[in-house]
Amino acid sequence: MIAIIKYNGGNVNSVQNALNRLNTESIITDDPELILKADKVIFPGVGEASSTMKLLKEKKLDLLIPALKQPVLGICLGMQLMCKGNEEGNTEGMGIFDINVRKFPARDIVPHMGWNSVSGQGSPLFSGVEQENDLYFVHSYYCELSDFTTSVCDYILPFSASLQKDNFYAVQFHPEKSGNVGNRILRNFIRL
């Protein structure tokens with residue numbers, strides 16, 4: 001059973017639809033007991049950082065998520081809120097990854113939206129995924145490169161396309177919208 005964290009933000013239904021396509025049972029919930037009992041947890045996100053963090057704090061999910069012991073996958077804003085801080089709304093994150101989230105400089109079109117390739121892919125999430133496959137991105141803020149970086153995308157500047165620390169995995173792209181490659185990444189997470 002995979003728990004998809006519900007917090008009135010973003011793409012929870014499209015993530016659940018992707019898991020359904022992979023014949024994987026899931027539940028959308030903000031119930032701490034159900035989240036703790038789940039085999040794995042997905043923390044998706046589309047939205048604005050400060051208002052989303054406020055909702056998480058109201059439900060005490062900002063304390064629950066960093067304490068989880070099972071595999072956890074943050075997607076897009078979920079990934080960014082797992083970091084230390086975010087320039088969007090000067091938001092303090094959960095600090096799972098000790099890095100900051102910055103706004104893209106306006107040297108090209110922002111948001112970064114559409115298909116782009118990633119390289120590096122030093123994570124079990126990318127098992128069986130060839131280098132330089134295109135994945136689907138939609139974001140105006142990016143996670144800095146760090147020791148937690150497991151793949152890199154280059155748009156305006158190089159940034160972390162994925163992160164990993166212990167049982168926490170995170171991706172800036174949307175695997176649920178990234179076709180067969182995204183399905184492979186989700187399947188790899190399911191198999192962790």
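Tutor: Gladly! Helices (H or I, at least four residues) and strands (E, at least two) are DSSP runs, numbered from the N terminus. This is a predicted model, in which local features need pLDDT of at least 70 and side-chain atom pairs count only at pLDDT 80 or more, while totals for chains, interfaces and linings use all residues. Residues are numbered from 1 along each chain as its sequence is written, and side-chain values use heavy atoms, with hydrogens and water left out.

Student: What separates Lys37 and Glu33 in helix H2?

Tutor: The two form a salt bridge with their closest N and O atoms 3.4 Å apart; the term means a side-chain nitrogen of Lys or Arg within 4 Å of a carboxyl oxygen of Asp or Glu. Because Lys37 and Glu33 are four residues apart in helix H2 (residues 32–37), their separation is about one helical turn.

Student: Which side chain of opposite charge is nearest to Glu88?

Tutor: Glu88 is found in the loop between strand S5 (83–86) and strand S6 (91–92), and is buried yet has no salt bridge. For charge, Lys and Arg count as positive and Asp and Glu as negative, with His and the chain ends not counted. On that basis, the nearest opposite charge is 7.5 Å away, on Lys103.

Student: Which backbone nitrogen lies 3.2 Å from a polar atom of the Glu88 side chain?

Tutor: Let's begin with contacts, meaning heavy atoms within 4.5 Å. Leaving aside neighbours within four places in sequence, Glu88 is in contact with Gly47, Glu48, Ala49, Ser50 and Tyr141. The backbone nitrogen at 3.2 Å is that of Ala49.

Student: How are the rings of Phe104 and Phe159 arranged?

Tutor: Rings of Phe, Tyr and Trp (its six-membered ring) pair if their centres lie within 6.5 Å; planes under 30 degrees apart count as stacked, over 60 as edge-to-face and the rest as tilted. Both Phe104 and Phe159 are buried. Their centres are 5.5 Å apart and their planes are at 80°, so the arrangement is edge-to-face.

Student: How many residues apart in sequence are the parts tied together by Phe137 and Phe159?

Tutor: This aromatic pair is edge-to-face, with 6.0 Å centre to centre and 90° between the planes. Phe137 lies in strand S9 and Phe159 in strand S12, so the pair ties together parts whose separation in sequence is 22 residues.

Student: Which helix and strands do the buried residues of H6 pack against?

Tutor: In H6 (residues 179–191), the buried residues include Val181, Ile185, Leu186 and Phe189. The buried residues of H6 pack against helix H1 (12–21), strand S3 (40–43), strand S4 (72–75) and strand S9 (134–139).

Key
The expected span of a helix is 1.5 Å times one less than its number of residues. Buried means under 20% relative accessible area, exposed over 50%, partly exposed in between (1.4 Å probe, protein chains only). A polar contact is a pair of N or O atoms within 3.5 Å; within protein, one must be able to donate a hydrogen and the other to accept it, and residues adjacent in sequence count only if both atoms are side-chain atoms.
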